[in-house]
Amino acid sequence: MKFADFIGANAIKPELESSDKESVIRELTAGLVASGSIAEENVESIIKAIMKREELGSTGIGRGIAVPHTKHPSVDKLVGTVGVSREGVEFASLDGEPVHLFFLLVSPPDRPGDHLRALENISRQLRDDMFCKFLKQSKTNEDIAQLLEEADNNQFGS
Amino acid sequence: MAEQTVSRTVVIPNQQGLHARPADQFVKLANQFSAQIEIQRETLTVNGKSILDLLTLAAEQGTELILHATGDDATEASEALAALVESFAEHDLEGEEDA
């Protein structure tokens, strides 16, 4: 699965302003509404589900990366967005470090394989230090959209 | 004493596959052993102590993985990790809500 398959350019958040977990999830989810990936009327229910998932264990997986996610019956295909926080967000990460790079995913309940393939793509790219560095340095939607496109064309990672 | 490698095959038993939460559990357990842990899916071999590495396996239900443990506590590590993977089956019984 490629970034282009689940991340709409209008959903991207290059300058996240939030400093706590719920606010940043709210900000990222607003991106999904902006790109038409989710409906406004489902936002609160989706945020609640993502926060519930975080209670089971933080999706801050270390190295300044988090992948908040949930299944939700309102989507019929996997949708996602990416956000960058310059200041870093306290996210109760596994390594205790603040999070700078976010990939948020909402997937249909009956498609666990798609969710795994999106995680595969995200984690494969994030293993590459250059990709992480360029993503952190991105200042605009266009910068990030271009970076994701380059990643889709196998210009990073293994 | 020579370094020993213990290898064993496990099959991902749960419907949701090796997603973030089981991967986290696996890495936490793997890090309790001094042995080097590698996980192989076909031709791809990754570090079993890194959650990012585990997630690149995209291991769905039914996927066969080979655990390779190398070091003094390789046998214990191998047994404990294989038992953990088998226990993922219980996630389905719990009516797992997340992915």
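## Helix 2 of chain A

In this predicted model, begin by selecting residues 43-55 of chain A, which form helix 2: its 13 residues, at 1.5 Å a residue, should span 18 Å, and the C-alpha atoms at its ends are 19 Å apart, which agrees.

Next, within helix 2 of chain A, show the side chains of A:Ile46, A:Ile50, A:Arg53 and A:Glu54, which are buried. If you look down the axis of helix 2 of chain A, these buried residues fall within an arc of 105°, so they line one face of the helix. An α-helix has 3.6 residues a turn, so residues three or four places apart point the same way.

On the face of helix 2 of chain A that is turned away from its buried side, select the exposed residues A:Glu44, A:Lys52 and A:Glu55. Just after helix 2 of chain A, stop at A:Gly57, which takes a positive phi of about 155°.

## Where chain A meets chain B

Bring chain B into view: 23 residues of chain A are in contact with 15 residues of chain B. On the side of chain A that touches chain B, at least two residues each are supplied by strand 1 (60-62), strand 3 (69-71) and helix 3 (112-126) of chain A, and helix 3 of chain A gives the largest share, ten residues. Coloured by residue class, that side of chain A divides into eight nonpolar, nine polar and six charged residues.

Technical notes
Residues numbered from 1 in each chain as written. Chains lettered and ligands numbered in written order. Predicted model: local features only at pLDDT ≥ 70, side-chain atom pairs only at ≥ 80, totals over all residues. Contact = placed C-beta atoms within 7 Å. Helix = DSSP H or I, 4+ residues; strand = E, 2+ residues; numbered from the N terminus. Nonpolar A, V, L, I, M, F, W, Y, C, P; charged D, E, K, R; others polar. Expected span 1.5 Å × (residues − 1). Buried ≥ 20, exposed ≤ 12 C-beta atoms within 10 Å, placed from the backbone. Arc of directions from axis to C-beta.
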